[in-house]
Amino acid sequence: MSSTRTLGRSDLSITPLVLGGNVFGWTADQATSFRILDAFVAGGGNAIDTADGYSVWVPGHVGGESETIIGQWLKQRGRRDDVIIATKVGWEVNAENKGLAKDYILRAVEGSLQRLQTDYIDLYQSHKDDPTVPVEETLAAYAQLVQQGKVRVIGASNFTAERLRESLAASERHGFPRYETLQPLYNLYDRADFEQNLRPLLQEQNIGVIPYYGLAAGFLTGKYRSEADLQKSARGGGVGQKYLNDKGLRILSALDAVAARQQATPAQVALAWIIAQPGLTAPIASATSPEQVTELLKATELQLSPDDLTQLGEASS
């Protein structure tokens, strides 16, 4: 595993790949989830990302399923001090539980702490912007949680540059903790919005970037290349609508070429490309088996050549 990277101006250091917890309790049952987590830590990984809303989209689920499994794993394995736990608040769990109002955040964090079986969260993130709440109110809630020792560092996810800038200014004005990380959508296919609108601000402010969908919901692994392939998984339909087109196939072709040269897999190359981008801290990727985790972790050791980066850049721009 290559060296760790610091998240923004915080004192949190993470390995260059974050394990996504969205599949825990959904496409990975508890036993499989434990094996995935074991493989990730054994391979040198230390950062795990989840949310209180994972996995409300599954019929019969109420949210918190992923946090619950991670909490049981932390307790059974005694690994709390070895990992950075990142979770989120603000997604609509149900009609009463959503948004970034202060009283809701203070209530929601207790549920996350209980499910995770811990007394602190390393990185607590606003899952998405809530335009109905002043940024000062949200940040005041986080300030209280940091002061109480329940949260170490805060981050944001799915914010526009404008709203992030507004939040950073409020933190400075009032002495609140500031967002040290942003979790945006970013991968070889989805580049333009991040590179044009967000990256300049994030680099200027030294904010850590931990993008989600680093593999474009699995498309960049190369397993979806035709309509027939879309039947292979629960996510196939959505993946096909968005990515299975001329641009997507052009990117897969470049990934295949680089992977052949590097004796790697398309997934490893796609993640190594993100890791090599300026201002990017670590992509988030989820896995449904321990073998996949081992494969993904190899991306952190892959050194792409200037020619590799040029080929991938041209295919995806």
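Predicted model: local features only at pLDDT ≥ 70, side-chain atom pairs only at ≥ 80, totals over all residues.
**Exercise 1. Helix α1 and its two partners**

Task: Describe how α1 packs against α2 and against α10.

Solution. Step 1: Two packed helices are described by the angle between their axes and the distance between the axes. Axes are lines fitted to C-alpha atoms, for helices over the stretch in contact, and angles run from 0 to 180 degrees between N-to-C directions.

Step 1: For helix α1 (residues 30-42) and helix α2 (residues 65-77), the axes come within 10 Å and cross at roughly 60 degrees. Therefore α1 is oblique to α2. Angles under 35 degrees count as roughly parallel, over 145 as roughly antiparallel, 65 to 115 as roughly perpendicular and the rest as oblique.

Step 2: The crossing of α1 with α2 is right-handed; a crossing has this hand if the near helix is turned clockwise from the far one by less than a right angle, and is left-handed if anticlockwise.

Step 3: On the α1 side, Q30, S33, F34, L37, D38 and V41 take part, and they meet I69, Q72, W73, Q76 and R77 of α2. Contact means heavy atoms within 4.5 Å. By class, the residues of this contact are five nonpolar, four polar and two charged. Here Ala, Val, Leu, Ile, Met, Phe, Trp, Tyr, Cys and Pro count as nonpolar, Asp, Glu, Lys and Arg as charged, and the others, Gly among them, as polar.

Step 4: The axes of α1 and helix α10 (residues 290-297) come within 8 Å and cross at roughly 25 degrees. These two helices are therefore roughly parallel to each other. From α1, R35, I36, A39 and F40 make the contact, together with P290, V293 and L297 of α10. Six of these residues are nonpolar, none is polar and one is charged.

**Exercise 2. Helices α4 and α5**

Task: Describe the crossing of α4 and α5 and the residues that meet.

Solution. Step 1: The axes come within 9 Å and cross at roughly 60 degrees. That angle makes α4 oblique to α5.

Step 1: V135, E136 and L139 of α4 meet R163, E166, S167, A170, S171, R173 and H174 of α5. The contact comprises three nonpolar, three polar and four charged residues.

**Exercise 3. Cavities and the largest pocket**

Task: State how many cavities of 30 Å³ or more are counted, and describe what lines them and the largest pocket.

Solution. Step 1: On a 1 Å grid over the protein atoms alone, a cavity is a set of points where a 1.4 Å probe fits but cannot get out; a pocket is an open set with protein on both sides within 12 Å along at least five of seven lines; and lining residues have an atom within 4 Å of a point. Grid points are joined across faces, edges and corners, and a volume is the space filled by probe spheres set on the points. The count is two cavities of 30 Å³ or more.

Step 1: The largest cavity holds about 60 Å³. Its lining includes L100, D129, V133 and Y179, while α4 (135-147) and α5 (161-174) each supply at least two lining residues.

Step 2: The second largest cavity has a volume of about 50 Å³. Among the residues that line it are L7, I14, V18 and I210. β4 gives the most to this lining, with three residues. The lining has nine nonpolar, no polar and one charged residues.

Step 3: The largest pocket contains about 970 Å³ of space. It is lined by 37 residues, of which N22, Y213, A217, R235 and S286 are the closest to its centre. α10 gives the most to the lining of this pocket, with three residues.

Notes. Residues numbered from 1 in each chain as written. Heavy atoms only, no water. Helix = DSSP H or I, 4+ residues; strand = E, 2+ residues; numbered from the N terminus.
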